[in-house]
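Work through the exercises below with the model open. Each task is followed by a stepwise solution.

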Amino acid sequence: MKEINPKETSRASAFELWMTSPMPMVTLTKTFNISRLCKISKKKSLKLNMLLCWCIGKAASQIKEFSMLPVDGKMFEYDRLAINVIVNNKQGGINSCDINFSNDLNKFNEDYISLTQKVADSCESIFEEDAMIVGTSAVVATELDCIVNQYTDKFLNPMVMWGKYRKKWFKTTLPISFQFHHVQMDGGQAAQFLDLLQKEILGI
């Protein structure tokens, strides 16, 4: 993680336009075909949420805008990516858990299982302060068409959110909401991320 001059990046114009905006967050929603992901989850006894988080990391790591983030009027660049998940702890509450992304699915799965279990047992969050965090939130108690997260200057990171998947005949679908800071990327890059995410889900 290092501070960079926004004027020397591809986000220079966006920084000038949106850095002081009171509501700079944008949300896009796309319905995904996750049939293959569900089959792999069942066949290999892997958590569906873990598989989805890994695909998110795979897609995000291919888009350079995910390495930059505006914070407190400055622009920072990160050399690694982590996926944040919300964990239900043993006391009935929730904690955050940042998991470093790895292209190796087995490694990511091992870290996902061990770290989320540690957080659930200890009731203490795990943060990766020097990584670019892509937040996730799974509200699986009900089917949702769209989720818009709260806007706060304490968390400007991109956020990927979803509810309960929908199964019909031989196809399983899941609407996913993607919220991002307009300084970090434009709608074009966000749409590219969503397309890459679908490709990663189908190609896993």
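**Exercise 1.** Find which element gives the largest share of the lining of the largest pocket. Then describe that pocket.

*Solution.*
- Step 1: In this predicted model, H4 gives the largest share of that lining, with five residues.
- Step 2: The volume of the largest pocket is about 610 Å³.
- Step 3: Its lining counts 25 residues; Asn 49, Ile 86, Tyr 112, Ala 138 and Val 140 are the closest to the centre.
- Step 4: Two or more lining residues come from each of helix H3 (48-60), strand E5 (81-88), helix H4 (105-122) and strand E7 (132-138).
- Step 5: Sort the lining by class: 16 nonpolar, seven polar and two charged residues.

**Exercise 2.** Describe the lining of the second largest pocket by position, element and class.

*Solution.*
- Step 1: This pocket holds about 420 Å³ of space.
- Step 2: Its lining has 17 residues, with Glu 129, Ile 133, Lys 154, Phe 155 and Asn 157 nearest the centre.
- Step 3: At least two lining residues come from E3, and at least two from strand E6 (94-100).
- Step 4: The classes are nine nonpolar, three polar and five charged.

**Exercise 3.** E3 also belongs to an open sheet. Give the strand order and the pairing.

*Solution.*
- Step 1: The three strands run in the order E1-E4-E3, with antiparallel pairing.
- Step 2: Strand E1 (2-4) and strand E3 (68-71) are the edges, each pairing on one side only.
- Step 3: On average, neighbouring strands are turned by 40 degrees against each other, direction ignored.
- Step 4: Four bridges join E3 to strand E4 (residues 74-77). Leu 69 has Phe 76 of E4 as its bridge partner.

Technical notes
Residues are numbered from 1 along each chain as its sequence is written. This is a predicted model: local features need pLDDT of at least 70, side-chain atom pairs count only at pLDDT 80 or more; totals for chains, interfaces and linings use all residues. Side-chain values use heavy atoms; hydrogens and water are left out. Two strands pair if DSSP finds at least two bridges between them. Axes are lines fitted to C-alpha atoms, for helices over the stretch in contact, and angles run from 0 to 180 degrees between N-to-C directions. On a 1 Å grid over the protein atoms alone, a cavity is a set of points where a 1.4 Å probe fits but cannot get out, and a pocket is an open set with protein on both sides within 12 Å along at least five of seven lines; lining residues have an atom within 4 Å of a point. Grid points are joined across faces, edges and corners, and a volume is the space filled by probe spheres set on the points. Ala, Val, Leu, Ile, Met, Phe, Trp, Tyr, Cys and Pro count as nonpolar, Asp, Glu, Lys and Arg as charged, and the others, Gly among them, as polar.
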